[in-house]
Amino acid sequence: MQETIIVIFIVTIIVGIAIFTFYQLQLRSIDNLKLELEQNRNLILLSTLSNSVELSHTSLGNEENALDTIKLLSPSLENLGFKEITVRQVYPSSQNVLCTKSNYPECNKYVVYNKKPSKIKNTQIISLPISIYFPYSNEYKLGILEVRSYS
Amino acid sequence: MKKAQLETMGLVVIIVLLAFILVFVLQIMVKPEANTLNSRYMQLNADNLRSSILKTSICNEINLKDEIVNCNSFSNVQCDNLQDCNSLNNLIRKMIEDSLNVTRKYKFTAGDILVEKNFNLCKDIYSSVSEPIPYSDINITLLIC
């Protein structure tokens with residue numbers, strides 16, 4: 001009888017450790033899944049922004065796969081969560097100045113969307129080369145579209 | 001407790017332990033491919049960079065694609081801010097290196113034009129969709145890794 005109790009006790013401990021380890025692994029797996037989902041969402045956002053009605057340059061109804069700098073000056077993006085979306089001109093290189101209606105086009109950075117949480121735990125940054133269009137000079141320049149996602 | 005009952009109990013315990021081991025093994029074996037997201041990101045970078053640099057204006061109404069055609073067809077450039085086809089190569093190199101954040105290994109080909117860096121060290125190669133130039137045999141591709 002005593003032996004049976006000892007065996008049951010040891011087995012219970014083993015099963016308890018197994019359940020605890022399994023629970024920890026599941027938690028870690030859920031965290032990874034959350035991170036992957038967030039990365040996926042950011043990637044989808046990054047790839048669709050250049051063709052979004054709010055930012056893209058269109059000519060005679062055709063999407064030109066470029067961002068219109070006039071639209072970047074007064075963007076109308078909403079409900080994208082805690083993110084900062086910026087567009088930076090890299091070629092031709094120009095002075096490192098944030099673009100506003102008063103200094104356009106003598107600038108190189110446009111903040112399209114900015115919503116930060118009160119406390120930032122984690123930041124994910126992904127970027128993509130993009131074409132930016134200047135309607136007044138009818139020129140295309142090279143830029144980088146960057147999404148910073150905060151959690 | 002009878003001996004038969006004890007043996008049954010032992011069997012149940014063994015089965016429970018085996019089930020736990022099986023769950024752990026399955027969890028490790030059935031892990032999704034971690035590189036899917038990264039490969040999509042690299043592919044997107046290659047495609048976007050190729051289309052963006054070709055569209056970039058070099059001088060009045062002339063973009064990089066036009067100058068690539070000029071260099072391949074006439075071995076000369078039209079824009080005054082470029083001296084020759086060699087400086088066009090340097091310009092392409094500068095554009096790629098300034099805008100490509102994900103990697104430093106690339107290979108850009110457009111007919112006779114070849115711009116590359118550390119491409120022989122590549123293992124997983126991501127190729128942009130190639131862009132043929134109409135009425136010529138020039139095919140523009142960008143490979144990154």
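This is a predicted model: local features need pLDDT of at least 70, side-chain atom pairs count only at pLDDT 80 or more; totals for chains, interfaces and linings use all residues.
**Stop 1: where the chains meet**

Show both chains and look at the contact between them. Chain A puts in 26 residues, and chain B also puts in 26 residues. Now colour the side of chain A that touches chain B. Which elements of chain A give two or more residues to it? They are α1 (2–49), β2 (62–68), β3, β5 (123–134) and β6 (139–150).

**Stop 2: two cis peptide bonds in one loop**

Stay in chain A and select the loop between β3 (83–91) and β4 (109–114), where Pro92(A) lies. Zoom in on the bond that joins Tyr91(A) to Pro92(A): this peptide bond is cis, with omega about -10°. Then move along to Pro105(A), which also sits in the loop between β3 and β4 of chain A. Here the partner is Tyr104(A), and the peptide bond joining the pair is cis, with omega about 0°.

**Stop 3: one side of a helix**

Hop over to chain B and select α3, residues 64–74. Which of its residues are buried? Pick out Leu64(B), Glu67(B), Ile68(B) and Cys71(B). Look down the axis of the helix with those four highlighted: they span an arc of only 105° around it, so they fall on the same side of α3(B).

**Stop 4: just past the helix**

Step off the end of α3(B) and you land on Ser75(B), which has a positive phi of about 55°, even though Ser75(B) isn't a glycine. You're now in the loop between α3 and α4 (85–99) of chain B. Is Ser75(B) buried or exposed? Ser75(B) counts as exposed because it has 10 C-beta neighbours inside 10 Å, and the cut-off for exposed is 12 or fewer.

**Stop 5: a tyrosine with a positive phi**

For the last stop, select Tyr135(B), in the loop between β6 (131–132) and β7 (139–144) of chain B. Check the backbone here: phi is near 60°, a positive value in a residue other than glycine. Now display the surroundings of Tyr135(B). How many C-beta neighbours does Tyr135(B) have inside 10 Å? There are 8, so Tyr135(B) counts as exposed.

Key. Residues are numbered from 1 along each chain as its sequence is written. Chains are lettered from A and ligands numbered from 1 in the order in which they are written. A residue is buried if 20 or more other C-beta atoms lie within 10 Å of its own, exposed if 12 or fewer, and partly exposed in between; C-beta atoms are placed from the backbone. The arc is that of the directions from the helix axis to the C-beta atoms. Two residues are in contact if their C-beta atoms, placed from the backbone, lie within 7 Å.
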